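Please look over the model shown here before reading on. The paragraphs below go from the whole chain to its helices and then to its aromatic rings.

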Amino acid sequence: MIKGLLAALLAALIVAGIIIGLFYLLFSGVLIWLGEIFVAGIIVGAIILFAIIFIFAILVFFALFYYMAEKKPVVEPGEYKLDEEKGKNE
């Protein structure tokens, strides 16, 4: 019975120490400071990611019009046979 009481008392002391430690961190500003660093990192990362995607989208947009204007199919006049066609059975 004494072992059980000692274990319960030890567990209560450990839980109380954890709670006191969390309150100390909360009121000393350490948790708020860590949260600010985390949020600032997320904001900076989102801005950098947006800039990269925006630049890539502009390049793809102009490349689309370049290939639409420059890559025209060339059709040469002549006699074509069925075995010269390209299709499914290549």
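What does the accessible surface of the protein chain come to, and what percentage of it belongs to carbon and sulfur atoms? In this predicted model, the accessible surface is about 9,000 Å², and carbon and sulfur atoms account for 77% of it. The chain has 90 residues, and buried residues make up 0% of them. A residue counts as buried under 20% relative accessible area. The secondary structure consists of 2 helices and 0 strands.

The helices are α1, residues 2-28, and α2, residues 30-70. With 27 residues at 1.5 Å a residue, α1 should span 39 Å, and its end C-alpha atoms are 38 Å apart, so the two values agree. After α1 comes G29, which has a positive phi, near 95°.

How do the two helices meet? The axes of α1 and α2 cross at roughly 65° and come within 4 Å of each other. On the α1 side, the contact is made by L22, L25, L26 and S28, and on the α2 side by V30, L31 and I32. Sorted by class, this contact has 6 nonpolar residues and 1 polar residue, with no charged residues.

The aromatic rings come next. A search of the whole structure finds 5 aromatic pairs. One of them joins F23 and F27, whose ring centres are 6.0 Å apart and whose planes lie at 10°; the pair is therefore stacked, since planes under 30 degrees apart count as stacked. Both residues belong to helix α1 and are 4 residues apart, about one turn of the helix. An α-helix has 3.6 residues a turn, so residues three or four places apart point the same way. F23 has a relative accessible area of 45% and is therefore partly exposed, whereas F27, at 67% relative accessibility, counts as exposed.

Another aromatic pair is formed by F61 and F62, with 5.6 Å centre to centre and 70° between the planes, an edge-to-face arrangement. Is each of these residues exposed or partly exposed? F61 is at 45% relative accessibility and so counts as partly exposed, while F62 has a relative accessible area of 55% and is therefore exposed; the cut-off for exposed is over 50%. Ring pairs also bring in F65, linking F61, F62 and F65 into a cluster.

How values were computed:
Residues are numbered from 1 along each chain as its sequence is written. This is a predicted model: local features need pLDDT of at least 70, side-chain atom pairs count only at pLDDT 80 or more; totals for chains, interfaces and linings use all residues. Side-chain values use heavy atoms; hydrogens and water are left out. Buried means under 20% relative accessible area, exposed over 50%, partly exposed in between (1.4 Å probe, protein chains only). Accessible areas come from the Shrake-Rupley method with a 1.4 Å probe; for residues, only the protein chains shown count as cover. Axes are lines fitted to C-alpha atoms, for helices over the stretch in contact, and angles run from 0 to 180 degrees between N-to-C directions. Contact means heavy atoms within 4.5 Å. Ala, Val, Leu, Ile, Met, Phe, Trp, Tyr, Cys and Pro count as nonpolar, Asp, Glu, Lys and Arg as charged, and the others, Gly among them, as polar. The expected span of a helix is 1.5 Å times one less than its number of residues. Rings of Phe, Tyr and Trp (its six-membered ring) pair if their centres lie within 6.5 Å; planes under 30 degrees apart count as stacked, over 60 as edge-to-face and the rest as tilted.
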